[in-house]
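Please look through the sequence and the structure below before reading on.

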Amino acid sequence: MTSGRNGGGRTLARLKRIVAVIAAVFSLCLFFRAQDAVPEPIHGVTVDDKNDIRDNAFTAKLLDSLRHLSVKPTVRIVYSPGEKGGSFSAASYLDATRQIKSVGYVFGQPVDSFYMRCFTPAEHLARFKEYVTAIGSVVDIWEVGNEINGEWLFGKTKGCSPKVSVKSTSPADVVTKMTEAYDYLKSQGQVTALTLYYNTPCRKPAANEMFIWANANVPTRMKNGLDYLFVSYYEVDCNGHKPDWQRVISQLATMFPNSKLGISEFGWSEKKPSDAVVRDLVQRHYAIHPSVSNWVGGGFYWEFAIDMVPYDPSSDSLWNTINTAMANQK
């Protein structure tokens, strides 16, 4: 009897080890499959929060525009929290996200920088968990923090919509939200990206300057473990300054040695400039290609759904401008 129980115990222990190994291999396979899902260079566009992808009429026009691109796009979807009448559920975005996935890859953004102040750390993490549960099967990359060093990501929440639970949030909250979202996504075998806001030439305040903030607030595990590190830059908001991208990206490559690097956002922000200015912005930003081994492109023009939808193949259209620029990405 004694030897029988011990033999059974050893058998059970071996089975547990085998199950653990199988689970680890399965998780690793999922991880590498996700990593391989978005080929390089990444041809990125953004579907901003001013357009509701749950609206069938808009989504049909968006899909037509995406489908005609010469290269398969990676579509950054800004998931809106909701309106004054209430919150939008993650599940309500599933159908539209699936349709976008049918014509491209999906870069999911559950919380844009504009909305970051509107969530407590607990609410922010709960939102990521809801989105991964509801639409994780169709999202290739998750943005754990957008323009994370921006000075507008915390403070009074009076202007937030829908109604929020606190009157203000703090700079420390921003770091907590970022790290908790990253840790959760990694625990689920998801692919992670962080977006920094390039503000070095026009910083305010100094503590939020991109390199200073990242050095002080991005923990080592993220600096070593992020799958992607992206940069947002709005030239029109920084007095037309044109960065030395080789210097900027080389410095980031040192800080984030294992991350793939790219541009995750640019555009005209508030007031639309002339089409000539837009064409210049698009042509130059998609052509950025610093000499670093882990450069993957991106771009993710913020106003794609405004300026390039509906599909317009005419030679002088903004759709044609971005299509050409993306096709020439290296």
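Asn-149 is in contact (heavy atoms within 4.5 Å) with Leu-196, Tyr-197, Asn-199, Asn-208, Glu-209, Met-210 and Trp-213, leaving aside its neighbours within four places in sequence. This is a predicted model, in which local features need pLDDT of at least 70 and side-chain atom pairs count only at pLDDT 80 or more, whereas totals for chains, interfaces and linings use all residues. Residues are numbered from 1 along each chain as its sequence is written, and side-chain values use heavy atoms, with hydrogens and water left out.

Asn-149 lies in the loop between β6 (141–145) and β7 (155–156), where helices (H or I, at least four residues) and strands (E, at least two) are DSSP runs numbered from the N terminus. Because its relative accessibility is 0%, Asn-149 counts as buried; buried means under 20% relative accessible area, exposed over 50%, and partly exposed in between, with a 1.4 Å probe and protein chains only.

The two residues with a stated accessibility are set out here.

| Residue | Relative accessibility | Class |
|---|---|---|
| Asn-149 | 0% | buried |
| Thr-176 | 30% | partly exposed |

Strand β5 (residues 105–109) is mostly covered, with 5 of its 5 residues buried. In a regular strand the side chains alternate between the two faces of the sheet. In β5, Tyr-105, Phe-107 and Gln-109 point one way, while Val-106 and Gly-108 point the other way. Strands count as paired if DSSP finds at least two bridges between them. Strand β2 (residues 74–78) runs parallel to β5 and is joined to it by 5 bridges, and Val-75 has Val-106 as its bridge partner in β5. Strands β5 and β6 also run parallel, joined by 2 bridges, and Phe-107 stands opposite Ile-141 in β6.

A nonpolar core is a set of buried Ala, Val, Leu, Ile, Met, Phe, Trp, Tyr and Cys residues joined through side-chain atoms within 4.5 Å. The largest such core has 86 residues, of which Ile-53, Leu-194, Leu-252, Tyr-301 and Phe-304 touch the most other members. Helix α5 (residues 171–187) gives the most to this core, with 7 residues. A second, separate core of 11 residues includes Ile-42, Tyr-105, Val-191 and Phe-230.
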